[in-house]
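Please read this briefing alongside the sequence and the coordinates, and treat it as a guide to a few selected regions.

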Amino acid sequence: METNALNKTSVDQTLDLLDKNITDSQRLKPVPFEEFLNMLNAKPSHMLRNIFQTFHDMIKCYVDESEDTIAGDIDKLTFTKYDCSRLFVEDSENPYFTDMLFANRFMKQMEYLRHGAQQNRIYIFYGPHGCGKSTFLNNLLKKFEIYANTEEGLRYEIVWRLDIKKLKDKDKSLSISAFEKLIHYVEKGEGDGMKHEPIFTDTNADYIEVPCISHDNPFLAIPKDQRRIVLDELIKNDEFKWRLFTEKEYEWVFKEEVCTICSSIYHSLMERLGNPSEVFKMLYARPYYFNRRLGTGISVFNPGDRPLKQNIVSNEMLQKRINALFQDSNVINYMYSRFAKINNGIYALMDIKAHNIERMVELHNIISEGLHKVEDIEERVDSLFFALMNPEDKRSIRDFPSFEDRIQYIDIPYVLDVKTEVKIYNNIFGRHIEGSFLPMVLENFARIIICTRIGKKSMALAEWIKDTSKYKNFCDDQLMLLKMELFSGHIPKWLKEEDIKTLDNTMLKKIIAESEIYGKEGLSGRDAIKIFDQFYSQYAKEDRLINMPDLCTFFNKLDDQPKKMIPQGFLESLLRMYDYSVLQQVKESLYYYNEEQIAKDIKNYISAVTNELDSIVKCIFTQEEIHVTEAFLESIENRLLSEDMDKKRRQEIRNDVLKEYTTRALTHEIMIEGKNITETRLFESLYDRYVHNLKKKVLEPFIENENFRNAIKDFDTEKYKAHDKRIKKDVKFLLDNLSGKFGYSTQGANEACIYVIDNDLANKFK
Ligand SMILES: [Zn+2]
């Protein structure tokens with residue numbers, strides 16, 4: 001049947017596809033040690049990486065460093081702008097958003113990590129409830145798992161292939177039954193057959209495969225005293241070689257012992273084969289695959305996870321076979337602890353509570369000794385230890401004072417940066433929320449939340465800016481709004497020249513140092529989301545946008561608890577800052593006249609005054625049709641001349657322009673000298689006056705011109721049609737600029753202008 005045929009084809013195609021894709025991920029099978037040395041020769045810095053270096057490389061791979069400086073004019077950077085979105089946001093179900101302060105702190109620690117100065121430490125991410133710690137760590141581990149299994153992040157580990165024929169002279173009794181192999185495979189607990197070469201399918205195997213449970217780098221199988229010579233031979237003389245031989249971060253390559261199991265296998269083989277090259281023929285390198293779910297390379301414990309009764313793991317079947325092969329039951333002890341599985345990997349505790357307190361104590365010895373005792377065998381544990389901690393859990397480890405210098409705390413505070421806080425709302429409620437707000441209002445919501453998280457007093461700021469009253473239009477008297485700008489990496493435009501000069505690197509560092517204590521109190525991330533939800537459901541409307549009065553009303557009516565956290569006068573200052581900013585935007589949008597536009601206005605004006613009032617003419621310079629009305633002339637005169645002109649004065653100006661035009665510009669300059677209208681004295685003087693007044697009186701239409709104000713208010717209504725054509729053009733121009741330059745929708749631009757008019761902002765900041 002046709003359907004069957006079709007099905008068959010698509011099934012075949014699917015299988016082909018799987019075949020192709022899965023082969024890709026399986027590509028890297030165990031390779032002989034010789035080939036490993038070839039790879040080491042080709043990419044030494046890639047092949048010689050411990051967990052700390054690999055983790056650092058992972059961070060470097062996912063975090064983008066921006067070239068931008070924090071504030072163009074400060075030369076020496078205190079901050080780097082890190083974009084951590086590929087690390088914490090992309091492809092994650094629960095994104096974590098880092099602000100600039102945290103990103104800088106985090107990246108600094110990651111840099112120390114690589115250099116090996118901070119090994120034998122436990123990194124505790126420490127922060128208040130609701131700061132997103134567990135999201136942070138989960139995303140971090142997830143990305144590491146992905147990275148470590150890519151070609152870029154891949155490392156190799158030891159696997160022995162003990163050649164039965166060679167070791168036992170073809171002893172038939174030792175051939176392995178398929179059943180035994182299957183058990184071996186399952187017992188290894190690494191049944192992610194997609195990636196490993198499944199041993200049990202290899203029915204004619206003539207070797208016993210013994211993996212290094214400690215995931216040791218194959219290079220470490222080389223005796224310590226030979227390593228330097230080998231590397232000197234193998235690696236070309238370049239910068240990397242110099243670093244390898246001199247830097248602390250590579251000490252492990254020369255000093256670290258291979259695990260006790262591998263070491264005893266090596267020695268047993270040496271005894272029997274007598275020749276190192278024969279021993280290394282049985283040494284293979286296989287990819288170190290990370291799998292959090294199986295606890296391979298990454299183990300994560302929650303406080304409720306019960307400790308295992310049996311901490312020591314062995315593999316009886318494999319042990320029996322090894323013993324039979326070497327005919328000695330004590331030479332090679334295939335026994336290890338759970339910690340071996342995360343050697344060269346990551347061990348993480350989600351919160352120091354319940355059973356995780358015991359685990360933390362257990363880590364005590366391991367971290368200080370770098371060793372773990374498995375019966376009488378010493379097992380080395382070089383791992384990256386992470387833990388999360390809430391402030392109240394600090395007392396759980398208070399009884400271990402020696403712990404303190406083994407712990408590296410990394411604070412995860414609440415978000416202190418406005419943009420990051422807004423990103424969180426967008427992520428939770430959807431990007432569309434932005435469209436319900438007038439520009440800057442959503443950011444101001446975030447500012448109110450953040451103000452509860454930062455200190456009210458600042459010694460550094462008091463030292464820097466002595467007189468705060470000069471900034472009363474832009475900032476609160478505690479300068480918290482200024483602090484927030486700096487935390488976001490901005491030097492606000494409204495800062496006075498003298499203060500920008502004194503904001504040097506030292507001062508900036510002092511301000512940032514103060515920020516270290518912020519973000520531990522105030523409204524948590526969870527609180528903020530709850531309050532936002534409340535606010536948004538109450539104020540988001542179909543027909544109008546959320547504005548500043550809405551925001552102030554909401555927070556003024558808020559329950560006592562959160563409201564008490566907002567400093568007195570903060571809302572008023574925020575409103576004043578908003579008013580000033582929106583007025584600046586309107587001003588810039590009105591002034592944004594290009595030369596062409598000005599020239600056109602002047603040409604049309606000259607044409608208009610040379611014609612009768614109420615006539616409709618075509619301007620000989622611009623070819624535009626002009627209806628010469630009083631309103632038309634006034635609208636241009638308002639830009640040309642000073643305020644408060646009466647009718648008489650206007651008439652004088654028109655007469656002057658007419659006279660200059662007819663007696664000089666037209667009859668002499670244009671007709672005799674052959675000049676263009678724009679080169680005439682009349683045009684030039686009008687042009688200068690126009691620009692001069694434009695700058696001075698940019699807001700005048702808002703203050704002086706009733707018609708203009710009415711036109712804005714009538715915009716988009718039936719009444720708007722009746723307004724003067726010229727005024728309508730100005731209104732349209734203003735609204736278009738607000739949209740183009742500041743991201744307003746047309747409706748939003750109109751609402752913002754009405755806000756400016758209704759609150760008489762033009763006069764307020766005169
Ligand atoms: Zn080993």
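This is a predicted model: local features need pLDDT of at least 70, side-chain atom pairs count only at pLDDT 80 or more; totals for chains, interfaces and linings use all residues.

**An open parallel sheet**

Strand E4 (residues 122-126) is joined to E15 by five bridges, and the two strands run parallel.

*Helix H13*

- Helix H13 (residues 260-273) has 14 residues, which at 1.5 Å a residue should span 20 Å, and this agrees with the 20 Å between its end C-alpha atoms.
- The buried residues in H13 are Ile261, Cys262, Ile265, Tyr266 and Leu269.
- These residues cover an arc of only 135° around the axis, so they lie on the same side of H13.
- In general, an α-helix has 3.6 residues a turn, so residues three or four places apart point the same way.
- The cover over the buried residues of H13 includes strand E5 (156-163), strand E6 (207-211) and helix H14 (276-281).
- Just after H13, glycine 274 takes a positive phi of about 70°.

*Nonpolar cores*

- The largest nonpolar core has 159 residues, and Cys262, Leu283 and Ala387 are those with the most contacts inside it.
- Helix H27 (residues 570-591) gives the most to this core, contributing nine residues.
- Leaving aside residues up to four places away in sequence, alanine 387 touches Ile122, Ile124, Ala348, Leu349, Ile352 and Met360.
- A second, separate core has 14 residues, among them Ala608, Ile626, Leu686 and Tyr690.

*A loop residue*

- Aspartate 504 is found in the loop between helix H22 (497-502) and helix H23 (505-515).
- Is aspartate 504 buried, exposed or partly exposed? With 13 other C-beta atoms within 10 Å, aspartate 504 is partly exposed, since a residue counts as exposed at 12 or fewer and as buried at 20 or more.
- Aspartate 504 and tryptophan 464 lie 40 residues apart in sequence, while their C-alpha atoms are 9.9 Å apart in space.

Technical notes. Residues are numbered from 1 along each chain as its sequence is written. Two strands pair if DSSP finds at least two bridges between them. Helices (H or I, at least four residues) and strands (E, at least two) are DSSP runs, numbered from the N terminus. The expected span of a helix is 1.5 Å times one less than its number of residues. The arc is that of the directions from the helix axis to the C-beta atoms. Two residues are in contact if their C-beta atoms, placed from the backbone, lie within 7 Å. A nonpolar core is a set of buried Ala, Val, Leu, Ile, Met, Phe, Trp, Tyr and Cys residues joined through C-beta atoms within 7 Å.
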